[in-house]
Amino acid sequence: MSEQRNLKALIAEMTLEEKASLCSGRDTWHLQGIERLGIPSVMVTDGPHGLRKQKATADHLGLFNSVPATCFPSAAGVASSWNRKLIEAMGEALGKECQAENVAMLLGPGANIKRSPLCGRNFEYFSEDPYLSSEMAAGHIRGVQSQGVGTSLKHFAANNQEHRRMTSDSVVDERTLREIYLASFEGAVKQAQPWTVMCAYNKVNGEFASENERLLTDILKEEWGHEGFVVSDWGAVNDRVKGLAAGLELEMPSSSGEGTARIVEAVRNGELDEAKLDAAAERLLRVIFQAADQRRPDAVFDPLQHHRLAREVAQESMVLLKNEDGMLPLKRSGTIAVIGALAKQPRYQGSGSSQINPTLLDDITEEIATSARDAEVVYTPGYDLKEEETSPQLLEQAKQLAASASVAVLFAGLPNSYESEGFDRKHLRIPQNQAALIEAVAEVQPHLVVVLCNGAPVEMPWIGKTKAVLEAYLGGQALGGAVADLLFGEVSPSGKLAETFPLQLSDNPSYLFFPGEGDKVEYREGLFVGYRYYDKKNLTPLFPFGYGLSYTTFEYSNLIVDKKQLKDIEKLRVSVDVTNTGSYTAKEIIQLYVRDKESTVIRPDKELKGFDKVELVPGETKTVVFELDYRSFAYYDVESKDWTVETGEFDILIGKSSRDIVLTESVSVYSTTERKLRYHRNSTISDLLASEKGAAFVQNYIRMLPFAAAVEESHSEMLKAFMEFMPLRGLVSFSGGKFTETHLKELLDELNIEHE
């Protein structure tokens, strides 16, 4: 194992040029090896929801002609499963396929926050919520790495749009960066230790992520304890020497010797400390040997078994958004009209660097026909996927077919031209010809089910004319079988949204500031991303975060906390009973949110801090247990540069979604860390009240005022506010000479000594 090797001794044997060469790729997909020292060259490939290894005859970027591999649902769907064990099993399968193809590292998962539903790459990111995102990412990483294959957690950090992604500057305040955008990565790094972390293209607060020492070294390596190395996104290096000094160990793809030459030159002229290069080489070698030592030359995988797993993942990733009058599950009788070109030309994955060449691909219509048994299944395209305009002929054919059927299942969604890596969406609408088709079919067939195939939210002005809507997301190669299973009730839908669906684009919190001006993107909405905004604003979305229907019903009861009062360093155990009160065996996602009832800083109304998914047969009850820790109650305090818990009362909220809170309990949490306060001339009287000595001084001071009686007896809000927010320098002016500048200096000295 690499831990048993003396890496420092190995590095001492290297020439300067050899050490520098390790820091750049050998080519597009391989790391540099050094044959004379027994250092192998290992291969990396794109992911994250499947293996995209190019064939020898493929283009140099490998965008086409890749080897067959299982195409699992993309992250937008997988996150909607809220199933840690399932995504870990998916990761294990991905790791096995990597071993079979001699791939050392799979590039992914993507843990960037969905700041805007317009981001063209949202289909391969998990969520708008950092806790859910980091938990899903950690499960993915654990699964892949359990097979001796590395991962690359990406894109670090604040990479939330495709527009000008290689040059844009994400301007984010420190608290928002910590609580939202970095937290999405932090949990995954600390829990699962990805072998590598991939830095983003963009700048973060004025500095390229590829050369941002605070991000790559201070936070990632030193604060979070990341043990692996940082790799650039392909082409993300701006200044190779500055990047290496900041903590970017590996440049990809190969710069054909340019990066190596710059590093050698910088060491020789004293621009770069050779110790930095040695440290980078050691991190790289540790991972390279880790991969080599766990190589399984005889590894194989069962494509059919993995296809079945892809079907299971897809089942749990899909979200039933509407089911009026128990429209679903469908009856296996009569005539079922399947309408929509997407039923024959399925959109099962996103476009760009994550495109997989699937080992199999379900035909959706055939899968529905197989599941329908005695029912007759007929099909018509309804629209042309390559066109925007409605075809009168296709529309009329669809209407006639729908009118003569017992039920219509219409497939709609976003074509490749609407969402992809490389560009952002301009709106949230589905193509006009698809929307028109839904409206037209609804006029002639009241029993209308719409199945959506898309990687991100869409507006649904037509939803009132449908009986049921199933959000299938980009469901991978087993999309067809999973859709059929859900439509006919072979399994109950169990997915819940990992992102908010707005009624309209302008409701989204980043609407006014996305995608920025020129290369500057200001995150002015701050903490209020996704449901945090909709909740605080009391704005009703189309579908809230955490929402999803089932074919059964669940009741929650017996919410218990193991203590009503606790110190912030103590753990809180929370338990709740969940009962399946319906007639279907099904899985339910239980969500735990925490609310700070009163805070001195602006905080969201509530934040997700726990979740679990359980399967229950009809009538069965299970107890779900959560454990909350310090971070469950904390916010990031910019002044102290640390996470802080304020003494106070917190609500523990158990919900079926972010908007459907069914049980509440409250606890009192006591901070064990005294917040360091510094007082100055412009601190206010209200600031003084936070200190015992300060509060005593205020009482004494009021008594010496010429109008002391008026202050104490007055019910005037103006006078009270005047006193409460008066700066301390004002005490001198209003004391009538009884409190001087000398007194003020003595007071400040005494108070600040007390809080040192």
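On a 1 Å grid over the protein atoms alone, a cavity is a set of points where a 1.4 Å probe fits but cannot get out, and its lining residues have an atom within 4 Å of a point. A volume is the space filled by probe spheres set on the points, which are joined across faces, edges and corners. The structure is a predicted model, in which local features need pLDDT of at least 70, side-chain atom pairs count only at pLDDT 80 or more, and totals for chains, interfaces and linings use all residues. Residues are numbered from 1 along each chain as its sequence is written, and side-chain values use heavy atoms, with hydrogens and water left out.

**Cavities**

- The whole structure contains 5 cavities of 30 Å³ or more.
- The largest cavity holds about 90 Å³ of space, and among its 14 lining residues Lys-114, Pro-117, Glu-128, Thr-500 and Asn-508 lie nearest the centre.
- The second largest cavity holds about 60 Å³; its lining includes Arg-595, Lys-606 and Phe-650.

**Ser-658**

- Ser-658 sits in the loop between strand 26 (648–657) and strand 27 (660–670).
- Ser-658 counts as buried because its relative accessibility is 2%, buried meaning under 20% relative accessible area (1.4 Å probe, protein chains only).
- Beyond neighbours within four places in sequence, the contacts of Ser-658 (heavy atoms within 4.5 Å) include Tyr-531, Asp-535, Tyr-593 and Lys-606.
- Lys-606 also lines the second largest cavity.

Notes. Helices (H or I, at least four residues) and strands (E, at least two) are DSSP runs, numbered from the N terminus. Buried means under 20% relative accessible area, exposed over 50%, partly exposed in between (1.4 Å probe, protein chains only). On a 1 Å grid over the protein atoms alone, a cavity is a set of points where a 1.4 Å probe fits but cannot get out, and a pocket is an open set with protein on both sides within 12 Å along at least five of seven lines; lining residues have an atom within 4 Å of a point.
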